[in-house]
Amino acid sequence: MAGETFDVVVIGAGPVGEVAAERAARGGLKVALVEHERFGGECSYWACIPSKALLRPGNLLAAAKRVPGVPVGDRIDPAAVFARRDWFTGKGDDSGQVDWARGAGIEPIRGHGEITGEKEVTVGGDRVLTARHAVIVCTGSVPSTPSIPGLDTIRPWGSREATSASSVPPRLGVLGGGVVGVEMAQAFASLGSEVHLVITGPRPLPRNASFAGELVLAGLREAGVVVHTDSGVSQVAAGQFGTELTLKDGSALVVDEFLVATGRRPATAGLGLERFGIEPGRPLETDDTGRVSAVDGGWLFAAGDVTGRAPLTHQGKYGARAAGDTVAALATGAPVSSEPWSRFTATADHHAVPQVVFTDPEVAAVGLADARPGSADRVVDIDIAVAGSSLHADGYTGKARMVVDTERNVLLGVTFVGQDVSELLHSATIAIVGEVPLDRLWHAVPSFPTISEVWLRLLEAYGL
């Protein structure tokens, strides 16, 4: 089939592409959604959803053990955990996502999409889709593999292999102290693996406030993870009894599986972007409406990980809403405001990107992790020690930080670390996005006895 015409062609049917397509369709446009793997994308089958399904049972068991009188065992059942994970991922069956697309007025098209001309996408080499108004690229990201001698002699795990595993390796090596590394290290430790986590610095999560990495490091060790700090893997070899890892200090480990979790890069290769002067493998830089800056004519848009902006599903969907709404408005001649905080701009990418690390303890952070260099910003750190946290768990240990712009008297960043702090994060996000003055925030009275009373303690520590 050739010569099909749509108003918009979206490449990539993960959560970001689905949202971009749905917003454009909601605006009255005829939309094609192209996907070469599974509709629903990385998040649904190999990332956010399955990883949290693997983490939750271990975190719940640890939480139950912190409250006397709760009858719990000492282990979780891996088979039941994997079965529940499979229920959430539908065992890879994406027919429900395809049905959703059709129900939303979107035409799902399977195959690899390549941009072969202005407003033109060729699928599978011979099916040509022409877009009257825009092409939106939402192809996500792929793992970055480090150059380690011998790595090509084994079959290492990436995040996909970890989240889709159907058995528990007796010994698991993990390289990388980012979110994937710490979450999967803790998940498999709770499932019964002997886990060795190798990180390059003194603590994991180096992009977060330092106390976040310190508390997560303590939590990992309490969960039984052996953490090799200030280290790395210098060589890999397939041995008689497993995969042999040589660490930077010369010591050796033998593991049954080796998870490489050293970051991701935008999935821009194979899209034909070199035709428009864009180097494959590089992020698609966009303005806040999602328009790709390097391509003339204003017809190419992008959202999500592929832009290199904020590689998080929720933030990508936010950018997709802006891009989809912008394309729909332009197509119908409606006005589009590119001013900050309009419905057509992903302004929060620059100010308030929330993220949760679902370890035990959790890390929930939004905005800045520390004061801006040379600024008058003030950092307030306190322990999470309120009635709500004491009731939540015996021996509750947590910390909170807020970064304040003292000249404008508003929050720039908030970090919480502790058990079940993720549900505190949206209030912090609202305060930052809304630029709520601290003297007004003082009147947002937290309920007693909840962990959210930490907000009162932060403001009191600031001097209110």
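Rings of Phe, Tyr and Trp (the six-membered ring in the case of Trp) are taken to pair if their centres lie within 6.5 Å; planes under 30 degrees apart count as stacked, over 60 as edge-to-face and the rest as tilted. The structure, a predicted model in which local features need pLDDT of at least 70, side-chain atom pairs count only at pLDDT 80 or more, and totals for chains, interfaces and linings use all residues, holds five aromatic pairs. Residues are numbered from 1 along each chain as its sequence is written, and side-chain values use heavy atoms, with hydrogens and water left out.

One of the pairs joins Trp87 and Phe88, whose arrangement is edge-to-face, at 5.0 Å centre to centre and 85° between the planes. Trp87 is exposed, with a relative accessible area of 66%, while Phe88 is partly exposed at 39% (buried means under 20% relative accessible area, exposed over 50%, partly exposed in between, with a 1.4 Å probe and protein chains only).

Another pair is formed by Phe416 and Trp455: the ring centres are 5.8 Å apart and the planes stand at 80°, so this pair is edge-to-face. Phe416 belongs to strand β21 (residues 410-418) and Trp455 to helix α13 (residues 454-462), so the contact ties together parts that are 39 residues apart in sequence. Helices (H or I, at least four residues) and strands (E, at least two) are DSSP runs, numbered from the N terminus. Phe416 is buried, with a relative accessible area of 0%, and Trp455 also counts as buried, at 10%.

Charges also meet aromatic rings. The charged end of Lys30 sits over the ring of Phe6, 5.0 Å from its centre (the criterion is NZ of Lys or CZ of Arg within 6 Å of the ring centre and within 35 degrees of the ring normal). Arg38 lies over the face of Tyr45, 5.3 Å from the ring centre.
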